[in-house]
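Work through the exercises below with the sequence and the model open. Each task is followed by a solution in steps.

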Amino acid sequence: MRKYENYLRGKDSLNVTTDSRKVVPGCIFVALKGEHFDGNDFVEQARQAGAEYIISGENALAELQDLARAWRRELGLPVLGITGTNGKTTTKELCAAVLSTRYNLYYTQGNLNNQLGVPLTLLSITRAHEMAIVEMGASHPGDIKELVEIAEPDYGLITNVGKAHLQGFGSFEGVMRTKAELYDFLLAHNGTIFRNADNAYLEKMYLSACKASGLSVERSVSETVCQAKPVLYHTGSMPEGTHLVGGYNAENISAAIAVGGYFGVSEEDALAAIRAYIPSNNRSQLMQTERNTLVVDAYNANPTSMTAAINAFCLSACKASGLSVERSGSHLEAVCQPKAVCYILGAMRELGEYSHTEHQNIVNMLLERKADKVLLVGNEYKDTTAPYPVFENVEALCEYLQREPLSGYTVLLKGSRSNQLEKAIPFL
């Protein structure tokens, strides 16, 4: 990385592109190679267009990551890393809304949270920024370790852990081990961890990371901590007046308030920022069409988030209908039969050998709740006992909705991004 020190010294910002068509004088062009393209074919074109620095060759991605790490060190500003199975993008957006009330902040745009997205995020930070939030995603063991070694966060937050990308992780335990790589890095570098004290999985991961780091673990009446005490927060409840849908967002909001409080943002100012935040990108969005009310959460789905979405949707529908709900264990589960609700659920991807079981579990949930109307998208549901219509793809669903339009329903749209359920919105 020292080879970049002289080049980066004194610069206020960088203009990095991996698209030769977007090369402008003074920018950095990175010639990446993919399955259907090779940026190395456009190196000369980029040079003629005025690229100031060109990264090319077989190791272009690794070189890009080295450059990003060097730029992060050159800037030296505090970085908050966020990962988790569900809610990491929403939590990132909420933390950004809160911290932006006090700091000139840069944060991951969209979901640029992988081995390419994280370095591009870091390289978009300028010297004028005072702080950064970097979202980090994972689908295989070691992914978070690789990303934290690029971003080198000073602070970290794992939203939760659940059943996602099981095909890549191999098991739920594999998910936990990989996400905990953020804790490992922070404990090894005297960083600060924000942790939901109500999440037993996160506590287990934290204590395991402490032991692995050689830190002593102490048990008291109320909690178990190691020498590097985390900043704890609780799940709490949904505050009134937000634009977020679903009680599962309570922990995301509590995380943002805790982060804000640590960095000097009052709870009052944090709540005001959260209430002003309007979700987009098909995440926890409430939409009103001419005929129906839509709850759109169609950016991604896994067994954990699908279960939470169904529970929250059913609970909300029960309350809206004035029907009673019962407490089961530590969670509210709707046991009423709300009318005029429709579940449009897409298949959950990358579950490997767990796919059939997890899709059947979702079908069982719907059967237990005596769902009024259910439309399923994806061949994964065809092998289940679902007594509901199953459509091969969203196009087939749209054709059905044209023939048999819904009217007067409250509709949940939830599925993996590959289902593209948002295409059904114009037909609802």
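**Exercise 1.** Find the residues that Met131 touches, not counting residues up to four places away in sequence, and decide whether Met131 is buried or exposed.

Solution. This is a predicted model.
- Step 1: Locate the residue. Met131 lies in strand β6, which covers residues 131-135.
- Step 2: List the contacts. With residues up to four places away in sequence left out, Met131 touches Leu77, Pro78, Leu99, Asn104, Leu105, Tyr106 and Phe263.
- Step 3: Check a distance. Tyr107 is 24 residues from Met131 along the chain, and their C-alpha atoms are separated by 8.5 Å.
- Step 4: Classify. Buried means under 20% relative accessible area. Met131 has a relative accessibility of 1%, so Met131 counts as buried.

**Exercise 2.** Describe how helix α3 and helix α6 pack, and name the residues that meet.

Solution. 
- Step 1: Two packed helices are described by the angle between their axes and the distance between the axes.
- Step 2: Read them off. Helix α3 (residues 60-75) and helix α6 (residues 143-151) pack at an angle of about 45°, and their axes are 7 Å apart.
- Step 3: Name the arrangement. Angles under 35 degrees count as roughly parallel and those from 65 to 115 as roughly perpendicular. The helices α3 and α6 are therefore oblique to each other.
- Step 4: List the residues. From α3 come Gln65, Ala68, Arg69 and Arg72, which meet Glu146, Glu149, Ile150 and Ala151 of α6. By class, this contact has three nonpolar, one polar and four charged residues.

**Exercise 3.** Determine which residues Gln65 contacts, leaving aside its neighbours within four places in sequence, and whether Gln65 is buried or exposed.

Solution. 
- Step 1: Gln65 lies in helix α3.
- Step 2: Leaving aside neighbours within four places in sequence, the contacts of Gln65 are Gln115, Pro119, Glu146 and Ile150.
- Step 3: Glu146 is 81 residues from Gln65 along the chain, with 9.9 Å between the C-alpha atoms.
- Step 4: The relative accessible area of Gln65 is 9%, so Gln65 is buried.

**Exercise 4.** State which residues line the second largest pocket and which element gives the largest share of the lining.

Solution. 
- Step 1: The second largest pocket holds about 170 Å³ of space.
- Step 2: Its lining consists of Glu173, Met176, Arg177, Ala180, Asp184, Lys204, Met205, Ser208, Ala209 and Ala212.
- Step 3: The elements giving two or more residues to this lining are α8 (172-179) and α10 (200-212). The largest share, five residues, comes from α10.
- Step 4: By class, the lining has five nonpolar, one polar and four charged residues.

Methods. Residues are numbered from 1 along each chain as its sequence is written. This is a predicted model: local features need pLDDT of at least 70, side-chain atom pairs count only at pLDDT 80 or more; totals for chains, interfaces and linings use all residues. Side-chain values use heavy atoms; hydrogens and water are left out. Axes are lines fitted to C-alpha atoms, for helices over the stretch in contact, and angles run from 0 to 180 degrees between N-to-C directions. Helices (H or I, at least four residues) and strands (E, at least two) are DSSP runs, numbered from the N terminus. Angles under 35 degrees count as roughly parallel, over 145 as roughly antiparallel, 65 to 115 as roughly perpendicular and the rest as oblique. Contact means heavy atoms within 4.5 Å. Ala, Val, Leu, Ile, Met, Phe, Trp, Tyr, Cys and Pro count as nonpolar, Asp, Glu, Lys and Arg as charged, and the others, Gly among them, as polar. On a 1 Å grid over the protein atoms alone, a cavity is a set of points where a 1.4 Å probe fits but cannot get out, and a pocket is an open set with protein on both sides within 12 Å along at least five of seven lines; lining residues have an atom within 4 Å of a point. Grid points are joined across faces, edges and corners, and a volume is the space filled by probe spheres set on the points. Buried means under 20% relative accessible area, exposed over 50%, partly exposed in between (1.4 Å probe, protein chains only).
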